[in-house]
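Please find below a colleague's note on a single-chain model. The structure is shown first, and the comments are set out as numbered points.

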Amino acid sequence: MKQVLLKYLTRYTSLNEEEKQAVLDEIPIQAYKKGTVLLRQGDVPTACYFVLKGCVRQFSIDEEGRERTSNFYTEEQAVAIFNHHKPDKSSEYTFTCLEDCVAVVGKLETEQDMYAKYTPLQSMTRRMIEENFGQMQEEFAAFIASTPEERFKTLAAKRPHLINRVPQHQLASYLGMTPESLSRIKRRVHQNKI
């Protein structure tokens with residue numbers, strides 16, 4: 001698992017081998033069982049995560065009690081809440097492990113100490129966030145402009161592993177459709193391939 005971290009340290013920082021090993025030794029890695037809630041909607045976040053193995057679902061519950069899935073985080077994706085600018089620092093989302101997961105855990109209380117100790121980590125984090133944000137902007141713009149069937153086809157092309165990895169009602173919520181619509185679209189897309 002630490003090989004994944006080493007890849008990112010090598011790609012995004014100018015740390016020498018000794019510094020990289022020191023960072024690897026200091027970064028906590030935690031295993032979580034399927035069903036573990038990493039953060040509940042309404043709680044104040046105390047950590048961020050980088051998924052090494054597994055799948056984490058991001059969702060919120062609306063005023064009518066309906067769950068709305070807004071993302072799935074899988075291997076080599078960061079799970080973070082950027083709400084430090086808000087007076088109310090509570091999360092608008094719940095993050096739950098859909099599978100047994102292994103993740104790097106970044107405690108927000110020690111984040112600045114790590115950046116002070118290993119200054120290239122701050123630029124690494126910024127670059128990773130910028131890349132992730134740019135990708136999310138593109139995906140959101142495409143999502144808004146597409147039909148439900150186009151959304152499914154895009155998901156099948158870009159993240160095919162999610163189709164059979166997550167419960168279908170959650171996948172439907174993520175794609176902005178009902179489970180019944182998702183079933184019809186999947187059937188139609190499959191028939192068109194034959």
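The points below cover the basis of the model, its sheet, its cores and its ring contacts.

1. Basis. The model is predicted, so local features need a pLDDT of at least 70 and side-chain atom pairs count only at pLDDT 80 or more, while totals for chains, interfaces and linings use all residues. Residues are numbered from 1 along each chain as its sequence is written, and side-chain values use heavy atoms, with hydrogens and water left out.

2. Overall make-up. The chain contains 8 helices and 8 strands; these are DSSP runs numbered from the N terminus, helices being H or I of at least four residues and strands E of at least two. Along the principal axes, the C-alpha atoms fill a box of roughly 55 × 40 × 30 Å. Of the 194 residues, 38% are buried, where buried means under 20% relative accessible area, exposed over 50% and partly exposed in between (1.4 Å probe, protein chains only). Contact means heavy atoms within 4.5 Å; among contacts between residues at least 6 apart in sequence, 70% join residues at least 24 apart.

3. Four strands form an open sheet in the order 2-7-4-5, with antiparallel pairing. Strand 2 (37-39) and strand 5 (67-73) are the edge strands, each pairing on one side only. On average, neighbouring strands of this sheet are turned by 30° against each other, direction ignored. Two strands pair if DSSP finds at least two bridges between them; strand 2 and strand 7 (residues 94-97) are joined by 2 bridges. Val 37 has Thr 96 in strand 7 as its bridge partner.

4. Helix on the sheet. Helix 7 (residues 168-175) packs on the sheet and touches strand 4 (56-61) and strand 5, its direction making about 95° with that of strand 5. Axes here are lines fitted to C-alpha atoms, for helices over the stretch in contact, and angles run from 0 to 180 degrees between N-to-C directions.

5. Nonpolar cores. A nonpolar core is a set of buried Ala, Val, Leu, Ile, Met, Phe, Trp, Tyr and Cys residues joined through side-chain atoms within 4.5 Å. The largest has 19 residues, and Leu 5, Leu 9, Val 23, Phe 50, Leu 52 and Leu 121 have the most contacts inside it. Among the elements that each supply at least two residues are helix 2 (17-26), strand 3 (47-53) and helix 4 (120-145), while helix 1 gives the largest share, 5 residues. Apart from this core lies another, of 16 residues, including Phe 72, Leu 162, Ala 172 and Leu 182.

6. Aromatic pairs. There are 4 aromatic pairs; rings of Phe, Tyr and Trp (its six-membered ring) pair if their centres lie within 6.5 Å, with planes under 30 degrees apart counted as stacked, over 60 as edge-to-face and the rest as tilted. The ring centres of Tyr 32 and Tyr 49 are 6.1 Å apart and the planes stand at 80°, so this pair is edge-to-face. Both Tyr 32 and Tyr 49 are buried. For Tyr 73 and Phe 95, the centres are 6.2 Å apart and the planes at 45°, so the pair is tilted. Tyr 73 lies in strand 5 and Phe 95 in strand 7, so the pair ties together parts 22 residues apart in sequence. Ring pairs link Tyr 73, Tyr 93 and Phe 95 into a cluster.

7. Charges over rings. A charge sits over a ring if NZ of Lys or CZ of Arg is within 6 Å of the ring centre and within 35 degrees of the ring normal. Arg 57 lies over the face of Phe 59, 4.0 Å from the ring centre, and the charged end of Arg 151 sits over the ring of Phe 143, 4.3 Å from its centre.
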